[in-house]
Each structure stands twice: as structure tokens, then as C-alpha cells.
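Biologist: Please show me the model, and then I will ask what stands behind the words used for it.

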Amino acid sequence: MILVGVDGSDTSWRAAAYAAGLARRQGSLLAVVYVQPTLAAAAALGAPVADTTAEVAEELVAEIRRAVAQLRGLFDVRWEFHTLHGDAYTGLVQAAQDLKADAVIVGASEQAGHRLVGSVAVRLVKAGRWPVTVVP
């Protein structure tokens with residue numbers, strides 16, 4: 001099973017496309033995971049509260065379904081969508097453990113501050129529990 005983290009960013013969509021191709025070639029299930037930030041974490045980062053609701057997850061599911069419909073016949077990929085709450089790193093680790101992921105695919109961070117603090121991708125690589133691919 002291949003797990004890909006999505007958050008609606010361009011890099012996460014590229015990661016999802018890469019992961020779908022990998023899952024298709026390997027005949028694996030693709031688990032698409034969105035971790036909804038908690039209100040406190042989102043407020044601390046200056047994110048609007050509305051962006052942390054289930055509407056974001058619903059929009060991501062709709063976008064994924066549109067992409068799958070456009071690619072039907074080109075890519076026959078079995079996939080499922082999971083939504084968790086919390087911080088992205090902890091959520092992706094929990095999902096990878098619970099779903100027994102063989103690999104984790106994530107997009108590179110687009111935030112400049114992550115160069116100093118460390119991104120989710122870097123933390124996943126350092127955890128060393130799964131093969132992690134970071135898609136630019």
C-alpha cells in the first residue's frame with residue numbers, strides 16, 4: 001500500500017500523481033491522506049478558521065474524484081481517501097502505521113520557514129520507518 005499526503009498545494013498534487021503512477025505500476029492500493037489542522041494550530045499559523053473545516057477535505061475528495069474520472073482508462077488505480085485531525089507529521093505517521101504503508105509519498109514544503117524548522121517531509125525521512133519519496 002502506498003500512502004500519499006495531500007493538502008491542496010501544487011507539490012502535494014504532484015506527489016499524488018507520482019504516487020498514483022507508482023501504485024498503478026506495482027498494483028498497490030493508494031491511500032490518499034489529508035490531515036486537517038486543529039483550530040489551535042491553524043490559528044497559531046495565521047490560517048483562517050474556515051480552512052480547517054471538513055469543507056477542505058470535501059474539496060480535496062472532489063478534486064481527486066475529478067482527476068480520477070479524467071484518467072479513467074489510462075490509470076486503473078485502486079484508491080481510498082482518509083481524513084485525520086492534528087498536525088501533518090503526526091497524522092501521516094499514524095496513518096502509515098495504521099494502514100501498514102509500504103511507502104510514503106509527500107510533496108516538498110512550499111513554506112520558506114520550513115528551511116529553518118524542518119518540514120513534514122524531512123521529519124518523515126528522518127523517522128526512517130518507511131521509504132519516503134519527496135516530490136518537488
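**Terms and values**

Modeller: The buried residues of helix α1 pack against β1, β2, β4 and β5. This is a predicted model, in which local features need pLDDT of at least 70, side-chain atom pairs count only at pLDDT 80 or more, and totals for chains, interfaces and linings use all residues. Residues are numbered from 1 along each chain as its sequence is written, and side-chain values use heavy atoms, with hydrogens and water left out.

Biologist: Which residues of α1 are the buried ones?

Modeller: They are Thr11, Ser12, Ala15, Ala16, Ala19, Ala20, Gly21, Leu22 and Ala23.

Biologist: Why is Ser12 called buried?

Modeller: Buried means under 20% relative accessible area, exposed over 50% and partly exposed in between, with a 1.4 Å probe and protein chains only. Ser12 has a relative accessible area of 2%, so the word buried applies. Contact means heavy atoms within 4.5 Å. Leaving aside neighbours within four places in sequence, Ser12 is in contact with Gly5, Val6, Asp7 and Gly107.

Biologist: What is the strand order of the open sheet, and what makes a strand an edge strand?

Modeller: The five strands run in the order β3-β2-β1-β4-β5, with parallel pairing. An edge strand pairs on one side only, as β3 (79–85) and β5 (132–135) do. From one strand to the next, the twist averages 25°.

Biologist: How do you know that β2 and β3 pair?

Modeller: Two strands pair if DSSP finds at least two bridges between them. Strand β2 (residues 30–36) and β3 share seven bridges in the parallel sense, so they count as paired. Val32, for one, has Phe81 in β3 as its bridge partner. Leu3 has its bridge partner in β2, Ala31.

Biologist: Why is β2 described as largely enclosed?

Modeller: Seven of its seven residues are buried, so β2 is largely enclosed by the rest of the structure. Leu30, Val32, Tyr34 and Gln36 point one way from β2, while Ala31, Val33 and Val35 point the other way. Strand β1 is also covered on both faces, with Ile2 and Val4 buried on one side and Leu3 and Gly5 on the other.

Biologist: What makes a group of residues a nonpolar core, and which members of the largest one touch the most others?

Modeller: A nonpolar core is a set of buried Ala, Val, Leu, Ile, Met, Phe, Trp, Tyr and Cys residues joined through side-chain atoms within 4.5 Å. Of the 20 residues in the largest core, Val4, Val6, Leu30, Val32, Phe81 and Ile105 touch the most other members. Two or more residues each come from β1, α1, β2 and α3 (54–71). Helix α1 gives the largest share, six residues. A second, separate core has 16 residues, including Met1, Leu3, Ala121 and Trp130.

Biologist: What is the pattern along the whole sequence, and how many helices and strands are there?

Modeller: The pattern reads β-α-β-α-α-β-α-β-α-α-β, which comes to six helices and five strands. Of the 136 residues in the protein, 38% are buried. Among contacts between residues at least 6 apart in sequence, 76% join residues at least 24 apart.

How values were computed: Helix = DSSP H or I, 4+ residues; strand = E, 2+ residues; numbered from the N terminus. Axes fitted to C-alpha atoms, helices over the stretch in contact; angles between N-to-C directions.
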